[in-house]
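User: Please take a close look at one helix pair in this model and at the sheet beside it. I would like the cut-offs behind each term stated as you go.

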Amino acid sequence: MAEERTDTKPVDGTESHDPDFPEAYLAFMRQGWRDTELPVAPRPEAPDHAKRRAALSAAFPGETLVIPTGGEKVRANDTEYRFRPGSDFVYLTGDHEPDSVLVLRPNGSGHDATLFMRPRSSRQTDEFFRSRHGELWVGRRPSLGEKSTELGLPTADLTGLEQALAELSPARTRVLRGFDPLVDAAVRPYDGARAEGQPARDRELAIAISEQKLVKDEWEIAQLQDAIDATVRGFEDVARVLPADRAVSERLLEGVFALRARHDGNDVGYGSIVGAGEHATILHWVRNHGVTRPGELLLMDMGVENRHLYTADVTRVLPVDGRFTSLQRQVYDVVYASQQAGIDAVKPGVKFKDVHLTCMRVLAEGLADLGLLPVGVDEAMDEKSTIYRRWTLHGFGHMLGIDVHDCANARKETYRDGALGEGYVLTVEPGLYFQPEDELVPEELRGIGIRIEDDVLVTPTGAVNLSAGLPRRADEVETWLAAQRAAGLRLPG
């Protein structure tokens, strides 16, 4: 039984609208609770996380590295968004709890890792029933020992973090900044030089993690395939509720896919783009308040984030009534040819930008065939011109992994200007977009937007399309859509 208290001071994590409780109630709540244990076991992927921590530590010998996950974000007033941990933190620990901080300290031959975390609610205080962190509010949290067993990582109470950070030498410490303001304030940046808004030394830590993430290990590739397979099922779900002969809201289709994402994974990996008709020409259309119409196209850019937070990123374009018109098919085939040329170009040692140029040349040639280029293809492709981009807008793709735009802190010379390596996973997603108000294209083209996107693994000899479970050729898309509609809706299970 917890020792009785006479004070009624607010408990950390309470809100201003929480009631004041009489002492009789407080005393009654502090007694009669049976302790429980979580049935935890070591995660099979824990050794993979340990290898990543060791590799990162080796890049900074003799230095302490501090990697926070961040906390819950306010959605409105006292409600929060569903917590999604920091990607770099998860990559190194596998932990999904908010507010935690990984500290890697040098030990002479390497680094000692400690995970500072918020432990379970103690029955020795009122936190377990009065705080928003309490277990009667959020459920049973793991103890320090349980979390250590699960992750294969030493743990410490989060209350000890402030003192631990205070003891660090700024000259021998690097912090992954921008995730936890308390950590940022506790460790003073050592150098005044700044790179992309961060102290240069800390920027080097962010770069090192991103560049380490470029090569996916076997476990990561399995997670990506899991996310992609769930995404394929989500596209099938959407196709089965897409009517051929009447309008339906973009948000209905978004919601159907989201159901699959929450059931088979953690969530959607990013805001789903469901663009019907001319909305398909808006690259990041996430309002999704339009409706489909027979005779028009539907562009859907969607991806499931799996339970280990690896995400797919796939785009398909469907003819709402089941058949592409001749003009729609002509544009679609140009984009398909561009994407296929890009996939065929992917292999170790090939420059990222050369895959881009391969895709773009096919698009430029297609634009010339449509009579849209005011100059020749070579002139349009010249780096001093690139006028073809009026109708393409974006690059051919990006790295993919635990973030939909993975490895974003990698240096330009190792990413955009670098060469592909075995184990890289990237998207290939060329597109053509003819805006409804573009007077430089024929009226019949205006409002057509087509992008085809797949997730590709770089192998020793070339590339494997991990999302090949969804058809890409125009005739195959039509056949697939008809088959899904014939099969009818099924609930995940």
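Analyst: The crossing of α12 and α13 is right-handed, a term that applies if the near helix is turned clockwise from the far one by less than a right angle; helices here are DSSP runs of H or I with at least four residues, and strands are runs of E with at least two, numbered from the N terminus. This is a predicted model, in which local features need pLDDT of at least 70 and side-chain atom pairs count only at pLDDT 80 or more, while totals for chains, interfaces and linings use all residues. Residues are numbered from 1 along each chain as its sequence is written, and side-chain values use heavy atoms, with hydrogens and water left out.

The axes of α12 (residues 326-345) and α13 (residues 352-369) come within 8 Å and cross at roughly 160°, the axes being lines fitted to C-alpha atoms, for helices over the stretch in contact, with angles from 0 to 180 degrees between N-to-C directions. The two helices are therefore roughly antiparallel, the word used for angles over 145 degrees. Their contact (heavy atoms within 4.5 Å) involves, among others, V334, A341 and A345 of α12 and V355, L363 and G366 of α13. The residues of this contact divide into nine nonpolar, four polar and no charged, where Ala, Val, Leu, Ile, Met, Phe, Trp, Tyr, Cys and Pro count as nonpolar, Asp, Glu, Lys and Arg as charged, and the others, Gly among them, as polar.

Helix α12 also lies across β15, β18 and β19, running at about 155° to β15. These strands form an open sheet in the order β15-β18-β19 with antiparallel pairing, pairing requiring at least two DSSP bridges between two strands.

Methods
Angles under 35 degrees count as roughly parallel, over 145 as roughly antiparallel, 65 to 115 as roughly perpendicular and the rest as oblique.
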